[in-house]
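Welcome! Please take a moment with the sequence and the model, and then let us walk through a few places together.

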Amino acid sequence: MEVQLKRAYEPPEAADGYRVLIDRIWPRGVTREDAHLDEWSRDLAPSGELRRWFGHDPARFEEFRRRYTDELGAHEEKLRDLRRRARDGTLTLIYGARDTEHNDAVVLAQVLRRGRRSS
C-alpha cells in the first residue's frame, strides 16, 4: 500500500498517482488547475470544531490524533475506497498545513496504512 503526503503548494508529479485534497477549506493561492486533483474529500477533514481546537499546536497533536481518529470512524466506506486506491497504485493525500509533521494528513495516512480504525 503506497500512501504519501504532499503539501498543496508543492508541484504535482506523475509519481503522485491519485491525488486527494483532504482539507475542508481550499488552500489559499492554489488554483484548481494547479492543484491537479483527482478528488476533494472534504468529509474526511477534521470537524471545524476540532480543527479550531487544535489550531496546529504541536503540544495538542496527540489528543488531536485521538479525536480525529474517532471522527474518521464515521467514514469507513470512504476509508475503504482510499485503501483500495492505495493498493492499486500510489495515493497522495494533499493538505495545506505548513507543519508537515502535525496535521490531519499525517493522522489519516496512519489510519489508512493500519487498514482499520484504531485510536
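Which helix gives the largest share of the lining of the largest pocket? It is helix α2, residues 48–54, which supplies three residues of that lining. Keep in mind as you look that this is a predicted model.

Rolling a probe the size of a water molecule over the atoms shows where empty space is left. In the largest pocket, that space comes to about 590 Å³. The lining is made up of 22 residues, and D23, R51, H56, G96 and A97 are the closest to the pocket's centre.

Now turn to helix α4, which runs through residues 76–88. From the first C-alpha to the last, its 13 residues reach 18 Å, close to the 18 Å expected at 1.5 Å a residue. Within α4, the residues L79, D81, L82, R83 and A86 are buried. An α-helix has 3.6 residues a turn, so residues three or four places apart point the same way. The cover over the buried residues of α4 includes the strands β1 (2–7), β2 (18–21) and β4 (90–95), along with the helices α3 (61–72) and α5 (104–114).

Our last stop is E39, which you will find in strand β3, residues 39–40. Is E39 buried or exposed? E39 counts as buried because its relative accessible area is 16%, and buried means under 20%. Leaving aside residues up to four places away in sequence, E39 touches Y18, R19, V20, L21, K78 and R85.

Notes
Residues are numbered from 1 along each chain as its sequence is written. This is a predicted model: local features need pLDDT of at least 70, side-chain atom pairs count only at pLDDT 80 or more; totals for chains, interfaces and linings use all residues. Side-chain values use heavy atoms; hydrogens and water are left out. Helices (H or I, at least four residues) and strands (E, at least two) are DSSP runs, numbered from the N terminus. The expected span of a helix is 1.5 Å times one less than its number of residues. Buried means under 20% relative accessible area, exposed over 50%, partly exposed in between (1.4 Å probe, protein chains only). Contact means heavy atoms within 4.5 Å. On a 1 Å grid over the protein atoms alone, a cavity is a set of points where a 1.4 Å probe fits but cannot get out, and a pocket is an open set with protein on both sides within 12 Å along at least five of seven lines; lining residues have an atom within 4 Å of a point. Grid points are joined across faces, edges and corners, and a volume is the space filled by probe spheres set on the points.
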